[in-house]
Amino acid sequence: MSLKNDSFPSSVAFDAINSSLQSNDAERKSAVKAGQAIFAFVLKNIQGETDTWYVDLKDKGEVAKGEAPEGSKADVTLSLSDEDFGKLVAGKTQAQRLFMSGKLKVKGNVMKATKMEPILKKAQVATKAKL
């Protein structure tokens, strides 16, 4: 099942992240061990609509739609525009730069947010081809 939402062009990145996590059991376990959190992404498109995806690096090592797996809550919620998320996963900007300029809002454990960067880097190669 694709996680892509046509109204959010950068949402193809969630499929790439999920593929990266699902393709190698050792990589997934390593990502979960390093992440130890559930990351929610709230994206806003140019029409002003919002949609939410999560990356579970606490238990299962999976990506899905919604704020968190059923019965759980996100440790970190990252809110940004679809355009800026596209730039972030394509490696054209850094999360720290977006945060400092006010384009990335972080709720929850800010230190855990830094654990997401290596996962985004793994998805960059697959995403660049699609964006």
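Which residues of α3 are buried? In α3, the buried residues are Asp82, Asp84, Phe85, Gly86, Leu88 and Val89, where buried means under 20% relative accessible area, exposed over 50% and partly exposed in between (1.4 Å probe, protein chains only). The model is predicted, so local features need pLDDT of at least 70 and side-chain atom pairs count only at pLDDT 80 or more, while totals for chains, interfaces and linings use all residues. Residues are numbered from 1 along each chain as its sequence is written, and side-chain values use heavy atoms, with hydrogens and water left out.

**Overall architecture**

- The protein chain contains six helices and five strands; helices (H or I, at least four residues) and strands (E, at least two) are DSSP runs, numbered from the N terminus.
- Along the sequence, these elements follow the pattern α-α-β-β-β-β-α-α-β-α-α.
- Taken along the principal axes, the C-alpha atoms fill a box of roughly 35 × 30 × 25 Å.
- Of the 131 residues in the protein chain, 44% are buried.
- Among contacts in the protein chain with a separation of 6 or more, 64% are between residues 24 or more positions apart; contact means heavy atoms within 4.5 Å.

**Helix α3 and the residue that follows**

- Helix α3 spans residues 82-89, and six of its eight residues are buried, so the helix is largely enclosed by the rest of the structure.
- Gly91 follows α3 and has a positive phi, near 80°.

**Salt bridges**

- The structure holds six salt bridges, each defined as a side-chain nitrogen of Lys or Arg within 4 Å of a carboxyl oxygen of Asp or Glu.
- One of them joins the side chains of Lys4 and Asp6, at 2.8 Å from N to O. Lys4 is partly exposed at 40% relative accessibility, whereas Asp6 is exposed, with a relative accessible area of 66%.
- Asp25 forms a salt bridge with Arg28, with the closest N and O atoms 2.3 Å apart. Both residues lie in helix α2 (residues 25-35), three residues apart, about one turn of the helix. An α-helix has 3.6 residues a turn, so residues three or four places apart point the same way.
- Within this pair, Asp25 is partly exposed at 38% relative accessibility, while Arg28 is buried at 17%.
- A network of salt bridges links Asp25, Arg28 and Lys29.
- The side chains of Lys58 and Asp75 also meet in a salt bridge, at 3.0 Å from N to O. Lys58 lies in the loop between β2 (50-56) and β3 (62-65) and Asp75 in the loop between β3 and β4 (76-81), so the pair ties together parts that are 17 residues apart in sequence.

**Surroundings of Lys58 and Gln36**

- Lys58 is partly exposed at 33% relative accessibility, and Asp75 is partly exposed at 23% relative accessible area.
- Leaving aside neighbours within four places in sequence, Lys58 is in contact with Val32, Gln36, Ala37, Ile38 and Asp75.
- The C-alpha atoms of Lys58 and Lys29 are separated by 9.8 Å, and these residues are 29 residues apart along the chain.
- Gln36 is found in the loop between α2 and β1 (38-44) and is partly exposed at 37% relative accessibility.
- Gln36 has a positive phi of about 50° although it is not a glycine. Most residues other than glycine have a negative phi.

**Largest pocket**

- The largest pocket has a volume of about 360 Å³. On a 1 Å grid over the protein atoms alone, a pocket is an open set of points where a 1.4 Å probe fits, with protein on both sides within 12 Å along at least five of seven lines, and lining residues have an atom within 4 Å of a point. Grid points are joined across faces, edges and corners, and the volume is the space filled by probe spheres set on the points.
- Of the 17 residues that line this pocket, the closest to its centre are Ala95, Gln96, Ala113, Thr114 and Glu117.
- The elements that give two or more residues to the lining are β4, α4 (95-100), α5 (110-113) and α6 (117-130).
- By class, the lining has 13 nonpolar, three polar and one charged residues; Ala, Val, Leu, Ile, Met, Phe, Trp, Tyr, Cys and Pro count as nonpolar, Asp, Glu, Lys and Arg as charged, and the others, Gly among them, as polar.
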